[in-house]
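Colleague: I am new to this structure and would like to go through it with you step by step. Could we take single places in the chain, and then the whole?

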Amino acid sequence: MSETKTTIDPAEVAKFEAMAAEWWDPNGKFKPLHMLNPCRLDYITAQIAAHFGRDLSDDLPFAGLRLLDIGCGGGLLSEPMARLGATVVGVDAAPRNIPVAKVHAAQVGLDIDYRIGTAEALAAAGEQFDIVLNMEVIEHVADPLGFLRACYDLLKPGGLHICSTLNRTPKSFAMAIVGAEYVMGWLPKGTHDWQRFITPNELYDLLAQARLRAIDRTGMVFNPIAWSWSLSARDLSVNYVTAAVRD
């Protein structure tokens, strides 16, 4: 592929390498992801179950499905997907994240194929999956369209692509950057670049250019009173997630 290794931004990777050891600390630098994770999982599991006709009440509802978690970090999404029966490959461009993920999976008795690498390299090697998770990654890559084209190549025909990111709005600047980085101190200052945030319409256009057919977009909304996240069909003003299919 012509895009191989071109979408990784070394400065963005370095930020997350520095935080790798804290992935599994619910009160550490990844506290926002730990708080967001149940909401993300509700969306992911519902979309997979609907698309592949699976019953989430089964013991291993995702058995027989091969899933790729791009930018897997310490494994916060890879592990629950493995528990639901999926065959999981987790890939991350930050080398220090992968040992953290491997150690934690071993500690909890999960068999997950964690690798240092990129979506482009996996695509170039001809790997294919039923499901590609691309969660809070696209706003950190140097070439979003090239990245989504690699995601297309990684999907089997009929495969499902789930992508979450941040909308580029004044509210997202206030909450994701001023609030999370400067006021709450949840993330190191400079973790996010508001100019890289992508509006839902922009993401739908990029998905179409990458030949992925978008089938849903849903907001993820933080309630500071309840101190929890929930899904919203209407409010996509800060965090949102999309589902798309390779036809």
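Predicted model: local features only at pLDDT ≥ 70, side-chain atom pairs only at ≥ 80, totals over all residues.

Colleague: Is Asp-143 buried, partly exposed or exposed?

Modeller: The relative accessible area of Asp-143 is 28%. Buried would require a value under 20% and exposed a value over 50%. Since 28% falls between those limits, Asp-143 is partly exposed.

Colleague: How far apart in space are Asp-143 and Ile-162, C-alpha to C-alpha?

Modeller: In sequence, Asp-143 and Ile-162 are 19 residues apart. In space, taken from C-alpha to C-alpha, the separation of Asp-143 and Ile-162 is 18 Å.

Colleague: Where does Trp-227 lie?

Modeller: Trp-227 is a residue other than glycine with a positive phi, near 55°. Its relative accessible area is 40%, so Trp-227 is partly exposed. As for its place, Trp-227 lies in the loop between β6 (213-223) and β7 (228-232).

Colleague: What kind of aromatic pair do Phe-222 and Trp-227 form?

Modeller: A pair of aromatic rings is described by the distance of the centres and the angle of the planes. For Phe-222 and Trp-227 the ring centres are 5.1 Å apart and the planes stand at 70°. Planes over 60 degrees apart count as edge-to-face, and therefore the pair of Phe-222 and Trp-227 is edge-to-face.

Colleague: Which residues do ring pairs link into a cluster?

Modeller: A search of the whole structure finds four aromatic pairs, and one of them is tilted, joining Phe-222 and Trp-229 at 5.4 Å centre to centre with 50° between the planes. Phe-222 and Trp-229 are both buried, with Phe-222 at 14% relative accessibility. The cluster that the ring pairs link consists of Phe-222, Trp-227 and Trp-229.

Colleague: With which residues is Thr-169 in contact, leaving aside its neighbours within four places in sequence?

Modeller: Thr-169 is found in the loop between β5 (155-166) and α7 (170-183), and at 16% relative accessibility it counts as buried. Thr-169 is 40 residues from Phe-129 in sequence, and 33 Å from Phe-129 in space, C-alpha to C-alpha. Once the neighbours within four places in sequence are left aside, the contacts of Thr-169 are with Trp-194 and Ser-237.

Colleague: What are the contacts of Arg-217, leaving aside its neighbours within four places in sequence?

Modeller: Arg-217 has its place in strand β6, where, at 30% relative accessibility, it counts as partly exposed. From Tyr-114, Arg-217 is 103 residues away in sequence and 28 Å away in space, C-alpha to C-alpha. With neighbours within four places in sequence left aside, Arg-217 is in contact with Pro-200, Asn-201, Tyr-204, Leu-236, Val-241 and Thr-242.

Colleague: Turning to the whole, what is the radius of gyration of the protein?

Modeller: The protein has eight helices and eight strands. For 247 residues the globule rule gives 18 Å, and the protein comes close to that, so it is as compact as a globular protein of that length. Its C-alpha trace spans about 45 × 40 × 40 Å along the principal axes, and the radius of gyration is 17 Å.

Colleague: What percentage of contacts between residues at least 6 apart in sequence join residues at least 24 apart?

Modeller: Of the 247 residues, 54% count as buried. Among contacts between residues at least 6 apart in sequence, the share that joins residues at least 24 apart is 71%.

Colleague: How far apart are the centres of the positive and negative side chains?

Modeller: The accessible surface comes to about 10400 Å², and carbon and sulfur atoms account for 55% of it. There are 22 positive and 29 negative side chains in the protein, and the centres of the two sets lie apart by 2 Å.

Definitions and conventions:
Residues numbered from 1 in each chain as written. Heavy atoms only, no water. Helix = DSSP H or I, 4+ residues; strand = E, 2+ residues; numbered from the N terminus. Rg over C-alpha atoms; globule rule 2.2 N^0.38 Å. Buried < 20%, exposed > 50% of the residue type's maximum accessible area, 1.4 Å probe, protein only. Contact = heavy atoms within 4.5 Å. Areas by Shrake-Rupley, 256 points an atom, 1.4 Å probe, with all protein chains shown as cover. Lys, Arg positive; Asp, Glu negative; His and termini not counted. Charge placed at Lys NZ, Arg CZ, Asp CG, Glu CD. Phe/Tyr/Trp six-rings, centres within 6.5 Å; stacked < 30°, edge-to-face > 60°.
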